[in-house]
Amino acid sequence: PDGRSLVFSRIDLAGRCDLWLLSLSEDFRPLGKPERITSDNPINRNPAWTPAGREIVYTSGPNWYYNRGFFKQQISRAAKPVRLAVAGGLVDHVAISGQGNRLAYEVERADDNIWRVEAPGPGAKPKAAVRFISSTQWEIEPRFSPDGKKIAFASLRSGTPEIWVCNS
């Protein structure tokens with residue numbers, strides 16, 4: 001907020017993403033080397049300064065695809081991040097109001113479902129596909145059992161990736 005520090009995310013070759021702090025001169029030139037300030041989760045990104053400039057709020061999680069949340073942390077590698085209780089699930093890109101009393105943020109919604117269609121015989125008119133397995137989370141990668149009576153699929157419906165089975 002005062003123009004004297006820059007917080008940014010940097011991704012390494014292994015796919016880990018951390019936040020770094022760089023002090024700046026009055027003409028915005030780097031003063032020294034950046035200091036890494038996060039290491040709690042493999043993915044830490046999209047920082048936003050609090051109005052007073054003593055803390056940041058950022059997106060953090062164990063991977064790129066699920067279980068992300070917002071964390072608040074003082075600007076120091078020694079500081080412990082605190083998870084913020086916000087609704088929404090897969091959150092990202094936070095903005096903080098100038099008064100510090102409101103957050104605006106993105107909630108990613110992916111609603112992959114499994115559809116079914118009856119395969120028509122030769123020369124028959126194609127049938128319409130219908131949604132078959134669905135929830136408010138991902139339902140992906142269906143596989144029929146050898147006898148065709150069951151379908152195994154991956155789902156995030158419990159909050160973590162799991163294999164589910166249902167009647168076909």
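Student: What kind of model is it, and how are residues numbered?

Tutor: It is a predicted model, in which local features need pLDDT of at least 70 and side-chain atom pairs count only at pLDDT 80 or more, while totals for chains, interfaces and linings use all residues. Residues are numbered from 1 along each chain as its sequence is written, and side-chain values use heavy atoms, with hydrogens and water left out.

Student: Start with β1 and β2. How many bridges join them?

Tutor: Seven, and the strands run antiparallel, with β1 covering residues 5-11. Strands here are DSSP runs of E with at least two residues, numbered from the N terminus, and two strands pair if DSSP finds at least two bridges between them. Val7 has Leu21 in β2 as its bridge partner.

Student: What about the turn between β1 and β2?

Tutor: The two strands form a hairpin with five residues between them, and Gly15 in the turn has a positive phi of about 90°.

Student: And how does β2 pair with β3?

Tutor: In the antiparallel sense, over two bridges. Trp20 is bridged to Arg36 in β3. Trp20 also has Arg10 over its face, at 4.7 Å from the ring centre. The criterion for a charge over a ring is NZ of Lys or CZ of Arg within 6 Å of the ring centre and within 35 degrees of the ring normal.

Student: Where else does an arginine sit over a ring?

Tutor: The charged end of Arg157 is over the ring of Trp164, 4.9 Å from its centre.

Student: Back to β2. How many of its residues are buried?

Tutor: Six of its seven residues. Buried means under 20% relative accessible area, exposed over 50%, and partly exposed in between, with a 1.4 Å probe and protein chains only.

Student: Which residues make up the largest nonpolar core?

Tutor: Seven residues: Val7, Leu19, Leu21, Ile37, Ile56, Tyr58 and Phe71. A nonpolar core here is a set of buried Ala, Val, Leu, Ile, Met, Phe, Trp, Tyr and Cys residues joined through side-chain atoms within 4.5 Å.

Student: Which residues are in the second core?

Tutor: That one is separate and has five residues, including Ala48, Val57, Phe70 and Val91.

Student: What does Leu21 touch?

Tutor: Not counting residues up to four places away in sequence, its contacts include Lys33, Pro34, Trp49 and Ile75. Contact means heavy atoms within 4.5 Å.

Student: Switching to aromatics. How many pairs are there?

Tutor: Two. Tyr58 and Phe71 are stacked, because their ring centres are 6.2 Å apart and their planes are at 25°. For Phe, Tyr and Trp (its six-membered ring), a pair needs centres within 6.5 Å; planes under 30 degrees apart count as stacked, over 60 as edge-to-face and the rest as tilted. Tyr58 is in strand β5 (residues 55-61) and Phe71 in strand β6 (residues 69-74), so the pair ties together parts 13 residues apart in sequence. Both Tyr58 and Phe71 are buried.

Student: And the other pair?

Tutor: Phe70 and Tyr105 are edge-to-face, 5.2 Å centre to centre with 80° between the planes. Phe70 is in strand β6 and Tyr105 in strand β9 (residues 103-107), 35 residues apart.

Student: Is Phe70 buried or exposed? And how does Tyr105 count?

Tutor: Phe70 counts as buried because its relative accessibility is 0%. Tyr105, at 29%, counts as partly exposed.

Student: Where is Arg29?

Tutor: In the loop between β2 (17-23) and β3 (35-36). Arg29 has 56% relative accessibility, so it counts as exposed.

Student: What is the strand order in the sheet with β13?

Tutor: The order is β12-β13-β14 in an open sheet of three strands with antiparallel pairing. β12 (139-144) and β14 (162-167) are at the edges with a single partner strand each, so one side of each has no neighbour in the sheet. Six bridges join β13 (residues 150-155) to β14, and Ser155 is bridged to Glu162 in β14.

Student: Last topic: which phi value does His93 have?

Tutor: A positive one of about 45°, although His93 is not a glycine. His93 is in strand β8 (residues 91-96). Glu141, in strand β12, is not a glycine either and has a positive phi of about 55°. For context, most residues other than glycine have a negative phi.

Terms used:
Helix = DSSP H or I, 4+ residues; strand = E, 2+ residues; numbered from the N terminus.
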